[in-house]
Amino acid sequence: MQSWRRRKSLWLALSASWLLLVLLGGFSLLRLALPPRPQPGASQGWPRWLDAELLQSFSQPRELPEDTASPPQAPHGGSCNWEACFDTSKCRGDGLKVFVYPAVGPISETHRRILASIEGSRFHTFSPAGACLLLLLSLDAQTGECSSMPLQWNRGRNHLVLRLYPAACPRTFQLGQAMVAEASPTVDSFRPGFDVALPFLPEAHPLRGGAPGQLRQHSPQPGVALLALEEERGGWRTADTGSSACPWDGRCEQDPGPGQTQHQETLPNATFCLISGHRPEAASRFLQALQAGCIPVLLSPRWELPFSEVIDWTKAAIVADERLPLQVLAALQEMSPARVLALRQQTQFLWDAYFSSVEKVIHTTLEVIQDRIFGTSAHPSLLWNSPPGALLALSTFSTSPQDFPFYHLQQGSRPEGRFSALIWVAPPGQPPLKLIQAVAGSQHCAQILVLWSNERPLPSRWPETAVPLTVIDGHRKVSDRFYPYSTIRTDAILSLDARSSLSTSEVDFAFLVWQSFPERMVGFLTLSHFWDEAHGGWGYTAERTNEFSMVLTTAAFYHRYYHTLFTHSLPKALRTLADEAPTCVDVLMNFIVAAVTKLPPIKVPYGKQRQEAAPLAPGGPGPRSKPQAPAPDCINQLAAAFGHMPLLSSCLRLDPVLFKDPVSVQRKKYRSLEKP
């Protein structure tokens, strides 16, 4: 009897030890279902599965041969890397300049528009001798023809072969020292830090603008988290993570249960999208999941994640081992709602910033290469992985997040407490003496710059002010107003027209509002856009309504970074449009800020009499009491160039505390704002 009790105690102890071992091992495996965070400055390819040591404690190595480290295969470019096969000395001075080889023979409409997109970018040059990078655009899937070796190949040095679609024919020449940017390259052939991994784009992918993310509800319904599983024959099916099924593993013997649904062609509303890593064609499902806000769960992927060198995919995707279905399902089910929300929000940001159009994919590729050229002065990870993204945070302006208007909240900082007033004097303007005195009286004014764009000679005398006053001789173009002048020493700019009329109190209060919203425009006079059903296009008006979507730059605060975007990021055709149609420049500047921030401007109070007498727009005639009529095609041309309508409407106006309240005037800080 005693011997039986001892055996029973021993059996219970062994069972408890085994259970504890399984639980500890299980939790380790669940943690490994989430990829590790990449190290700064390191090549950030796919997160590798790190369960080899754990699995060896449960089985013999010969039972799981795929876990053992296999010798790396030689990449298709031999031993090429960035230092050995790219000559950065050609990029000194102007940075990355790209020459695109002209197509031989007839080209498709897609090819033509891609060439136009590159030629309209700040990277393009028409001179191959002055180029830092020579680009060979290969659209085999579009044309059905193979690319031939260009005459200036030079063994591929400083060349980039760009393949947006899988090649339909074998390579007809040796790549040599050329970089390759192709869709979903295999892990074995990809050269980290040298090649560029592109997303697998459908042939109908928009070339510009692109559709927005489809996520409408960031948080899943309480207690329910759906899986969407891509199928070999195409389409999707769904399953509940709370079920005991192994939806992608045929070896599971459990009853699938009622949690699974039938085949669907379109991506259903799901929280997690399971995508196989074995089939290259499954990579095309990755972008579909990203746009839908469905968190991609990649099962032992064999292809490189797009732009993995700069994008931190641990914030938007999950890499899992397909041999551990139960552990992965448990990890997904136990994921906190806050983590799910963060992942889904990041999918929408990445989709909109880098993948929603072919143009963004191409520009992201060139931006990655430019970061390699700049080295330590390139974009930090925060700029790549936080809104608005590296394409809209130009490294030519700064590489410090604190210098941009978008990251003050994340950095725990505030903009400096001073501004620069930039007063534009257009013909037949006179020196704005009263305006200069009113602005100089502001306690926050650091300097006044007068941009003289007038045929008349400069006045010999200017009013004495308590702040420095500088006169800049302009080039008689409206776009001169938004040039990044080196004499502007503050982050905040107060853009003014010589005919504007402001009081010192209005300037002070508007600047304090801008300090709380440094990424947005803060102005006094507004416009609103609308869809005109009768003409089938966009229109805009200056008529006072309950909503607005633009503020006039004749009196507005904004960050000086938007001058850099206006001058160095906009296509030259849009700046030319602004010069030819001066009333269009306000719309264009509001387009830029709205496209970057995804937010409307802010209106502050303005004197009624001055509002009725204010100029309509730069160079525009007369009062603005009637709806605006000039340049009816301006807003439609801009919407076509941007690929979408970025403007957002708002009904918010910020007033001072006690504004027009029935209290003693002595208690109010901005008393002059209420004067008629």
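This is a predicted model: local features need pLDDT of at least 70, side-chain atom pairs count only at pLDDT 80 or more; totals for chains, interfaces and linings use all residues.
P388 sits in the loop between α10 (381-385) and α11 (408-411). As background, most residues other than glycine have a negative phi, and most peptide bonds are trans.

**The cis peptide bond**
- P388 is joined to P387 by a cis peptide bond.
- The omega there comes out at about 5°.

**Positive phi at S300**
- S300 isn't a glycine, yet its phi is positive, at about 45°.
- You'll find S300 in the loop that runs between β9 (295-299) and β10 (318-320).
- With a relative accessibility of 14%, S300 counts as buried, because the cut-off for that is under 20%.

**Positive phi at K598**
- K598 is another non-glycine with a positive phi, this one about 60°.
- Its spot is the loop between α16 (585-597) and β20 (602-603).
- K598 is partly exposed, since its relative accessible area of 42% falls between the 20% and 50% limits.

**Q370 and its contacts**
- Q370 belongs to helix α9, which covers residues 358-374.
- A relative accessible area of 4% makes Q370 buried.
- If you skip the neighbours within four places in sequence, Q370 is in contact with L96, R122, F123 and S395.

Key: Residues are numbered from 1 along each chain as its sequence is written. Side-chain values use heavy atoms; hydrogens and water are left out. Helices (H or I, at least four residues) and strands (E, at least two) are DSSP runs, numbered from the N terminus. Buried means under 20% relative accessible area, exposed over 50%, partly exposed in between (1.4 Å probe, protein chains only). Contact means heavy atoms within 4.5 Å.
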